[in-house]
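Please keep the sequence and the 3D view open while reading.

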Amino acid sequence: FRTVEPLEYYRRFLKENCRPDGRELGEFRATTVNIGNVGSITTADGSALVKLGNTTVICGVKAELAAPAADSANKGYIVPNVELPSLCSERFRSGPPGEEAQAASQFIADVIENSQMIVKEDLCIANGKVAWVLYCDIICLDYDGNLLDASVFALLAALKNVQLPSVVINEETGLSEVDLKQKTPLIIRKHPVATSFAIFDDTLLIVDPTAEEEDLATGTVTIVTDEEGRLCSVHKPGGSPLTGAKLQDCITRAITRHKEVKKLIDKVIKSITPK
């Protein structure tokens, strides 16, 4: 029945206010985060691995020095890139990034910009001469829906783990001198957290959809909030329209979810901080 009529199968569960995997409509899958020295990303300056149910995302941040752009001499750069390799799900093919990966990369870039989690001026070392470029590679290892929540979480956790070496400009030679012994954490001004919902039959909202639920849904919406409960972005790629009241409901739930995620990150960071 599930194979022949997946939507009907789901509707029977939704009528009872639960889902085939046993979760309630407003319940998230088990969420875990590992920060720093994830697997063997020793080349990254900061890394994190996030699991949301089966969905597994890894983020590595690499910091490099570059000259600032002429029109923004006092700013560094942040370059996010989301990869969905064929190994994470049979829905993706090898080769250049597909539509979903490009849309996810754009979404992450918008979240960074709108939330002001990192202010680009903070990445400038010497005005007009040298600045940091942060390459943030987000790779999905196992895709089972709700890529955006996992990606934003992995990005935030990896950035919290970044330590940048001190850089000074040598007056005589004009060259940058890097001191790897002196490192300072990245300045993170805001902590955005994404919360995604799938809309069923234009009316029912469920949180943290699996890949199957995303396929059956009539629409999805992702709400990004920061620690002050401020709305950083609303991402709604087509699908069923949402009433103002429903949207407000999503925002309220997103604010609650933010507290849980923030608690999780703080706990992990505390456990890896040298006493």
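The largest pocket of this predicted model is lined by 19 residues, and those that lie nearest its centre are Glu100, Leu148, Thr220, His235 and Pro237. Its volume is about 430 Å³. Two or more lining residues come from each of α2 (99-115), α3, α4 (211-216) and β11, and among these elements α2 gives the most, with five residues.

Apart from this open space, a search of the whole structure finds one cavity of 30 Å³ or more, and the space in this largest cavity amounts to about 50 Å³. The residues that line the largest cavity are Thr31, Val50, Leu52, Asp149, Ala150, Phe153, Val193, Ala194, Arg257 and Val261. At least two residues of this lining are supplied by each of β2 (46-52), α3, β9 and α5, with the largest share, three residues, coming from α3. The table sets the two spaces side by side.

| Space | Volume | Element giving the most to the lining |
|---|---|---|
| Largest pocket | about 430 Å³ | α2, five residues |
| Largest cavity | about 50 Å³ | α3, three residues |

**The sheet and its helices**

Strands β9 and β11, which each contribute to one of these linings, belong to an open sheet of four strands in the order β10-β9-β11-β12, with antiparallel pairing. Strands β10 (204-207) and β12 (231-235) stand at the edges with a single partner strand each, so one side of each has no neighbour in the sheet. From one strand to the next, the twist averages 25 degrees. Between β11 and β12, which run antiparallel, there are four bridges, and valine 224 stands opposite serine 233 in β12.

Two helices lie across strands of this sheet. Helix α3 lies across β9 (193-200), β11 and β12, and runs at about 175 degrees to β9, whereas helix α5 (residues 244-272) lies across β9, β10, β11 and β12, running at about 50 degrees to β11.

Leaving aside residues up to four places away in sequence, threonine 195 touches Phe28, Asp149, Val221, Thr222, Ile223, Ala254 and Arg257. Two of these contacts, Asp149 and Arg257, are also named in the lining of the largest cavity.

In soluble globular proteins, nonpolar side chains tend to be buried together. The largest nonpolar core here has 54 residues, of which Leu134, Leu155 and Leu159 touch the most other members. Helix α3 (residues 147-160) provides the largest share of this core, 11 residues. Beyond residues up to four places away in sequence, leucine 159 touches Val61, Met117, Ile118, Leu134, Cys136, Leu186 and Ile188.

Notes. Residues are numbered from 1 along each chain as its sequence is written. This is a predicted model: local features need pLDDT of at least 70, side-chain atom pairs count only at pLDDT 80 or more; totals for chains, interfaces and linings use all residues. Side-chain values use heavy atoms; hydrogens and water are left out. A nonpolar core is a set of buried Ala, Val, Leu, Ile, Met, Phe, Trp, Tyr and Cys residues joined through side-chain atoms within 4.5 Å. Buried means under 20% relative accessible area, exposed over 50%, partly exposed in between (1.4 Å probe, protein chains only). Contact means heavy atoms within 4.5 Å. Two strands pair if DSSP finds at least two bridges between them. Axes are lines fitted to C-alpha atoms, for helices over the stretch in contact, and angles run from 0 to 180 degrees between N-to-C directions. On a 1 Å grid over the protein atoms alone, a cavity is a set of points where a 1.4 Å probe fits but cannot get out, and a pocket is an open set with protein on both sides within 12 Å along at least five of seven lines; lining residues have an atom within 4 Å of a point. Grid points are joined across faces, edges and corners, and a volume is the space filled by probe spheres set on the points.
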